[in-house]
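Here is a guided walk through one protein chain, written for someone new to reading structures. Keep the sequence and the 3D view side by side as you go.

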Amino acid sequence: MLLEITLNGKPISVEVEPGDLLANVLRQELGLIGTKIACGEGECGACTVLVDGVAVTSCIFPAMKAHGRQVETIEGLSQGGELHPIQEAFAAHAAAQCGYCTPGFIMAAKALLSENPHPTRDEIKQGISGNLCRCTGYYQIVDAIEDSGNQEPGIRDQRLGTSPLSLVPCPLITVGKGVERLDIRQKVQGTRKYPQDFNMEGQLYARVVWSEHPHAIVKKIDTAAAEALPGVVKVLTHQDVPVNEYGINIPDQPVLVAEGDKVRWVGDRIAIVVAESERIAAQARQLVQVEYQPLPVVTDPRQAMKPGAPLVHEGRESNVLKHIPIRKGDVQQGFAQADVIVEGTYTTHCVEHAYMQPDAALGYVDEQGRITIITSCQWPADDLHQIAHLLDLPEDQLREIVPAVGGAFGGREDMYIQHLAALCAFVVRRAVKIVFDREEVTQRTGKRHPFYLRHRTGATRDGHIVAAEVEVISDAGAYASTSIPVLNNAATFALGPYKIPHARVDAYTVYTNNAVTMAMRGFGATQPPFGYEGQMDKLAEALGMDPVELRMKNLLDVGDVAVTGNVMTAETGVKETLRQAALAAGWRQEGERWIKPDPSPSPRLRVRTGVGAPSAPHKRRGLGMAVGYKNVGYSLGFDDKATAIVELTLAESGEIARALVKIAAVEVGQGVLTALAQIAADTLGVEVSKVRLALVDTANTPDAGSSSASRHVFISGNAVARACQAAKENWETILRAETGERHIEAEYTFRGRSVRATTAFAPETGACEPHISYSFVTQIALVEVDTETGETDILSFWTVADAGKVVNPQTYFGQQAGGVHMGVGYALTEHYIQQGGHPRTRRFSEYHIPTVLDMPRQFQSIAVESAPDPHGPFGATGLGETPTLPTAPAITNAIHDATGVWISDLPASAERVWRAIKNRKECTNRGLR
């Protein structure tokens, strides 16, 4: 069929198949990669284009439906190299982080502004409510659309702490300034290439044959019918894998499950079909016949711990993967001193990373004979280490290239696709492309660990905590992944940032047949605050004490001893985050006493804090708070390091004309490349426009470690700063010697242990020096709860973080807002549901990622710089993960303040809140408490 359209103002004719969708035609037939496909079901808006000026989701829009019509894509907005005003506004407001959703938002904004040139903020939110972003929290997007509509700034109290606009393009001092992101202009134009945007002539396509069972013996694999299908090049099985094992920490996962072995979750792979087209590969994988012998399934880690439970991994004594004990003081003595003891059990749930860019990889053999992979990941050097093992090759015969990454949040730390592309290229010796669809990403990749927490906390009458104990059980799923390091972190943060003289922690992670669980924003520090901050509010209520006052009495300060016996160091600024958050939200301080804002304050205070009377008689308002802290850098004895190479090119005058920084710090949307450029520019004393960051390519850029643990500003920033300092000293020497040299190179490897060595847990007591550095955050939520439906509306939200020196205020705001966005989903709406080891959540339409309409109506982000780390570059530590940690407990504590009910299980869905309110009313009516 011939499709004829006017595309970005030009007539186009292209042959299409009857079932072709517009997004696929634009991308595959016409090469317009700016239109992104994230969900494949019209749920996320990443594929938004305009058809006759109307925004449509092109991933479900039949191509022939556009016949004879005007189609406009992101590529049509820029004219003569000049950005469209909407694109300019998105760049100015840093309204793109990973950038994968950005073209869809810009096209939706163009449709909105064409119809309504001067929309209100509420109208903007309605106009983009069909588009999802996982990174930004939406505030900067709304700001950009409002400003591109040439409208007066509007009511600023609706966006307290909004993104700064005072961009300084080329100052000589950039750290602390709102420097424009290095990659943002490509992202707003849709020209930035992600792994699925790469193609090679003659490439093949691969699709995976997945396990049909969560636990079963694979009796037989029959590939004959698939191999006989015309166009099929190869069906790979376990026999094609040189060393059939891998794993980021423990090599307990098979690449492809062998006959006679067993599958342990539905994400196990049986075979890979490689064919001449995607359609043939998809058709052929249905022809692979697998005979299974089902085995008993274990899905509750508490049951899996018991003697006699079905073993997920044979050869082990039990399903317990790791137990960590921590002992401080004498807990029995501590509880004997307590006047008040509160207990609680808490459960956190399984959630999906939901990064917008689906996993994709292109594997091929490069001109030097190296197996090369273009992919998204978080630590390319570690990928190579694992791939070298499974292919039985030296690492110098492998190469990984990482272009733009469409979000990660920990979900790309493990390998889910790059090793498969490498294996295919290794076996068939041709380029092979593999892209997971959204259902595969949702059902067959790792998730956040569910936690089961049991707390007991004791305090004296004057509010000093004297004893605490907690049992932590995490669900590791089918394979180890990073469950042990996640548990390590969880154990160190299990009781929060509080001074507790007597403490006991028992932390376990346990194999089950559920989805593999892995790194996700917070890495074991996200789940514990739901427990320890719930305990703090219960304790405050039992003591009749303000929750701010109670926390202030017990928060760690410089010189205090934490639960693992380590002394808190100079960057401990948690008290100041709480103080500023409380004051911003309307608390008053009178000496050591803190006084909560009145529920019905004066009009002046109501404007400032958003506290006021409920909007309806059946609704209730409440304020809740929570505090969190997290490590910066890898911990517990790990040799955390990064290497940077700096190449200076000198002008004839001898001045620095250009600085090229080579470091394999992967940009996953967090803004690390811009931060490193700022650090380099200030160290060298040059304009930031003279600094460039090399593409991450293991053949050319040195290992910087993982884009995780909020570590790159501290670890990689130190590597860049010190390499730049060495290059600057070499430059000054050359100038003095007048040698006429035009090129200077310097290299530096920074090790975290060189400034603060960490140590592993002592086996019996857990005593250690756990972390290199920390960041801290306090959050306060004002909510309104509908007692008739259980729905929770977040009216105002304050987030106050201390991550040392702020390198870039725009990205700092974006990380705060984006972290809260993920925390709101964790608290209220997101839940990855499994039943009997089978996923019941299969796609975006079954997983509620918060939209712009679900975010707090008023949002204030505050940066505290009172406790810079003397070892961080310019005093900076790291922020990326910390803002997610206290969001859920702040919201659930606010729900309790509003309704009187404690929510002990996440998410606090409308149904769960409604049932809790209903049960409380029934108990009250029966005279029970």
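## A glycine tucked away

Gly406 is buried, with a relative accessible area of 0%. Here, buried means under 20% relative accessible area, exposed means over 50%, and partly exposed is in between, using a 1.4 Å probe and protein chains only. You will find Gly406 in the loop between strand S16 (398-402) and helix H12 (418-428). Helices (H or I, at least four residues) and strands (E, at least two) are DSSP runs, numbered from the N terminus.

What does Gly406 touch, not counting residues up to four places away in sequence? Its contacts are Cys98, Tyr100, Tyr194, Tyr355, Met356, Gln357 and Arg412, where contact means heavy atoms within 4.5 Å. Pro195 is 211 residues apart from Gly406 along the chain, yet their C-alpha atoms are separated by 9.2 Å.

## About the model

This is a predicted model, in which local features need pLDDT of at least 70 and side-chain atom pairs count only at pLDDT 80 or more, while totals for chains, interfaces and linings use all residues. Residues are numbered from 1 along each chain as its sequence is written, and side-chain values use heavy atoms, leaving out hydrogens and water.

Leu636 has a positive phi of about 55 degrees although it is not a glycine. Leu636 sits in the loop between strand S23 (619-632) and S24, and at 12% relative accessibility it counts as buried. Ala709, also not a glycine, has a positive phi of about 60 degrees. Its loop runs between strand S27 (696-697) and H20, and Ala709 is buried, with a relative accessible area of 7%.

Now look at the loop between H22 and helix H23 (910-925), where Pro907 is found. A cis peptide bond joins Leu906 and Pro907, with omega about 0 degrees.

Strands of a sheet pair through backbone hydrogen bonds, either parallel or antiparallel. Two strands pair if DSSP finds at least two bridges between them.

Strand S24 (residues 641-650) pairs with S28 in the antiparallel sense over 9 bridges, and Glu647 stands opposite Glu745 in S28. Axes are lines fitted to C-alpha atoms, for helices over the stretch in contact, and angles run from 0 to 180 degrees between N-to-C directions.

## A sheet of five strands

Another open sheet, of 5 strands, has the order S2-S1-S5-S3-S4, with mixed pairing. Strand S2 (10-15) and strand S4 (54-57) stand at the edges with a single partner strand each, so one side of each is left without a neighbour in the sheet. Neighbouring strands here are turned by 40 degrees against each other on average, direction ignored.

Strand S3 (residues 48-51) and S4 pair in the antiparallel sense over 4 bridges, with Val56 in S4 as the bridge partner of Val49. Helix H1 (residues 22-29) lies across strand S1 (2-7), S2 and S3, at about 100 degrees to S3.

## Nonpolar cores and a helix pair

Which residues touch the most other members of the largest nonpolar core? Of its 188 residues, they are Phe90, Ile145, Ile434, Phe436, Trp587, Ile891 and Ile895. A nonpolar core is a set of buried Ala, Val, Leu, Ile, Met, Phe, Trp, Tyr and Cys residues joined through side-chain atoms within 4.5 Å. Helix H21 (residues 809-829) gives the most to this core, with 8 residues. Apart from it lies another core, of 38 residues, including Val179 and Val646.

The axes of H21 and helix H22 (residues 887-899) come within 8 Å and cross at roughly 50 degrees. The two helices are therefore oblique to each other; angles under 35 degrees count as roughly parallel, over 145 as roughly antiparallel, 65 to 115 as roughly perpendicular and the rest as oblique. Among the residues that meet are Gly819 and Gly823 in H21, and Ala888 and Ile891 in H22.
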